[in-house]
Structure formats: C-alpha cells, structure tokens
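Here is a friendly briefing to read alongside the model. Please keep the 3D view open as you go through the topics.

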Amino acid sequence: MIRVVKRASVPEKLATAGVDATQRFCQEHDSGKREFAFDKNLYGHKTVKDAMVEDQFGKCCFCERKVGSDSDVEHFRPKSSVCQESHADRLTPGYYWLVYDWDNLFVCCRQCNQWFKRDFFPLRDATQRARSHHDNLALESPLLIHPTQDDAEAFIGWRDDVPYPINNSEQARHTLEILQLRKEDRPPQHHGDLQATRRDHLQLLQSLCDILQLAPTVEVEFQARDLLARMQSNQEVFAAMTRAFCAARGIA
Ligand SMILES: [Zn+2]
C-alpha cells in the first residue's frame, strides 16, 4: 500500500449529478428514509473510474496489484451498511452522503473489495461514528489506513514479501488484518494469487540484487540498477515492498 495522490479537480459527473443526488439523499434522510437508491453508473461512470485508475497508476489502492477491467469502485467509508468488526452488528444506512464524494472513492481489485474490505470501517471509538450527514466526520478516528490522508509506508513495513505493522501500529494491524494482506492471512481459495505474485516479484528483486553484486560488466550493473530504480516508482506494482527491499540493502 502506498499513499495515493488524487487530482484536486473533482470529475464533472460527481461535481454535478453527484452533488445533486447527494442533496436528495440528505433530504430523504431528514424525511425519515433510511434506504437509498445509489447509482453505480454515477460513482462508477467511465470518466470517474478512468480518473481514479490514472491517479492510482492502474493499481488497487490496498494490495498494489494492477487492476483490470474487472476492478471495483471502493467506498472507503462504506455506502450501504457499516461494520465495526466481524462479530459486530451491521449498521444501516452506511455513509450515504459520501457515495459520490471524490475523496471517498478509490479503485480496488475485486478480491480486496468484495472478499475482505466489504463494509468494514472500524473506529477507535465506535460511539463517535457519524451516522448521518449532520454528524462531524472529524470526530471519527478510523482504524484503517486512509489511502490519501495517511502515508501507508509510515505504518506498514516489509520483511521481504511480508508486510508488518511498524511500531505495532494499530491502524496497520487493522488494515493488514481486514484486507488480509499478510500472506499467511489470505485463505488459498480466496487468494487471487496475491501471495504467488508477490513471491515472483521478490524473486525478481533478489535476482537483480545478485546481478548487482556479481557485476559481470559495468553495462549489466547499470541496467540492473536502473531497473531496480524504476521498480521503486509509484507507477509499478508492489512499489512499497520494492522500496523497503532496496532500502534494506542500501540500493538507491
Ligand atoms: Zn487489491
């Protein structure tokens, strides 16, 4: 997981139809309604999704794999219902007033969204949860790392291809646990090959590291160093893991 930097300009669909629909939801809520008709074609409109994919370099906001055409739109604060933990009651409605909120939307792989994140949004103090658009979100202290507001790499460290909570961070522990990002966590049938893909990536990094040390020619060393540098950029898969790997070995 890396920090996502989203464009400041809200996609037009959200700024127009999204704002109108949100106002309707708020009015409906104040009239006593508790179920809302969310429009997937609005928060998942091609222009909205394209903007997210571009800002996230085509990667899932949680596991950093490339997302394909089957990617989901993730509502960080869940839209229909919300759950503090697996054995807790499911609260409805969810954060209906943030369904078309640009800051609440991310592109995410189907496994992370539908199998793990689902409607979980734990808070340090669940009594402070905002239950309507009248409540103050700033009073919430989320236990999940926010893809844009938090720097994920300050919370999650890496031992080769296994992420761990830095300083036993509570947010990192919850994020790793709910998203099941540690390789021993994801059940094989639900794995969606995250473990295998990360292991392949680690092997590639180790091979490049070996080439650097053997350095048969200056040209080969340059190419290996150049490739390792490029693999650390935000555009690449598993950038956080790659940066931690290189930092641990003193590779720039
Ligand atoms: Zn994912």
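P93 sits in the loop between β3 (90-91) and β4, and its peptide bond with T92 is cis, with omega at about -5°. Helices (H or I, at least four residues) and strands (E, at least two) are DSSP runs, numbered from the N terminus. The model is a predicted one: local features need pLDDT of at least 70, side-chain atom pairs count only at pLDDT 80 or more, and totals for chains, interfaces and linings use all residues. Residue numbers start from 1 along each chain as its sequence is written.

**Overall build**

- The chain has nine helices and six strands.
- With a radius of gyration of 20 Å, close to the 18 Å that the globule rule gives for 252 residues, the chain is as compact as a globular protein of that length. The radius is taken over C-alpha atoms, and the rule is 2.2 Å times the number of residues to the power 0.38.
- Along the principal axes, the C-alpha atoms fill a box of roughly 75 × 40 × 35 Å.
- Buried residues are 32% of the 252 in the chain. A residue is buried if 20 or more other C-beta atoms lie within 10 Å of its own, exposed if 12 or fewer, and partly exposed in between, with C-beta atoms placed from the backbone.
- Of the contacts with a separation of 6 or more, 65% join residues 24 or more positions apart. Two residues are in contact if their C-beta atoms, placed from the backbone, lie within 7 Å.

- In the contact between them, 13 residues of domain 1 meet 14 residues of domain 2.
- On the domain 1 side, α5 and β5 are the elements that give two or more residues, and β5 has the largest share, with three residues.
- That side of domain 1 divides into five nonpolar, one polar and seven charged residues. Here Ala, Val, Leu, Ile, Met, Phe, Trp, Tyr, Cys and Pro count as nonpolar, Asp, Glu, Lys and Arg as charged, and the others, Gly among them, as polar.

**Nonpolar cores**

- In soluble globular proteins, nonpolar side chains tend to be buried together.
- A nonpolar core is a set of buried Ala, Val, Leu, Ile, Met, Phe, Trp, Tyr and Cys residues joined through C-beta atoms within 7 Å.
- The largest core has 42 residues, and those with the most contacts inside it are C60, F62, C63, F106, C108, C112 and L179.
- The elements giving two or more residues to this core are α1 (12-30), α3 (46-55), β4 (105-108), α4, α5 and α6.
- Apart from it lies another core, of six residues, including L205, M241, A244 and F245.
- Leaving out residues up to four places away in sequence, C63 touches C109, C112, L181 and L194.

**Helix α6**

- In α6 (residues 170-179), the buried residues include Q171, A172, T175, L176, I178 and L179.
- The buried residues of α6 pack against α4 (110-117), α5 (152-155), β5 (156-159) and β6 (162-165).
- Just after α6, Q180 takes a positive phi of about 50°.

**Residues to look at**

- A244 lies in helix α9 (residues 239-248) and is buried, with 20 other C-beta atoms within 10 Å.
- Beyond residues up to four places away in sequence, A244 touches G157 and W158.
- K49, in helix α3, counts as partly exposed, with 18 C-beta neighbours inside 10 Å.
- Not counting residues up to four places away in sequence, K49 touches G44, V73 and V107.

**Backbone points to check**

- Most residues other than glycine have a negative phi, and most peptide bonds are trans.
- D160, in the loop between β5 and β6, has a positive phi near 55°. D160 is partly exposed, with 13 other C-beta atoms within 10 Å.
- F238, in the loop between α8 (218-231) and α9, has a positive phi near 50°. F238 is buried, having 25 C-beta neighbours inside 10 Å.
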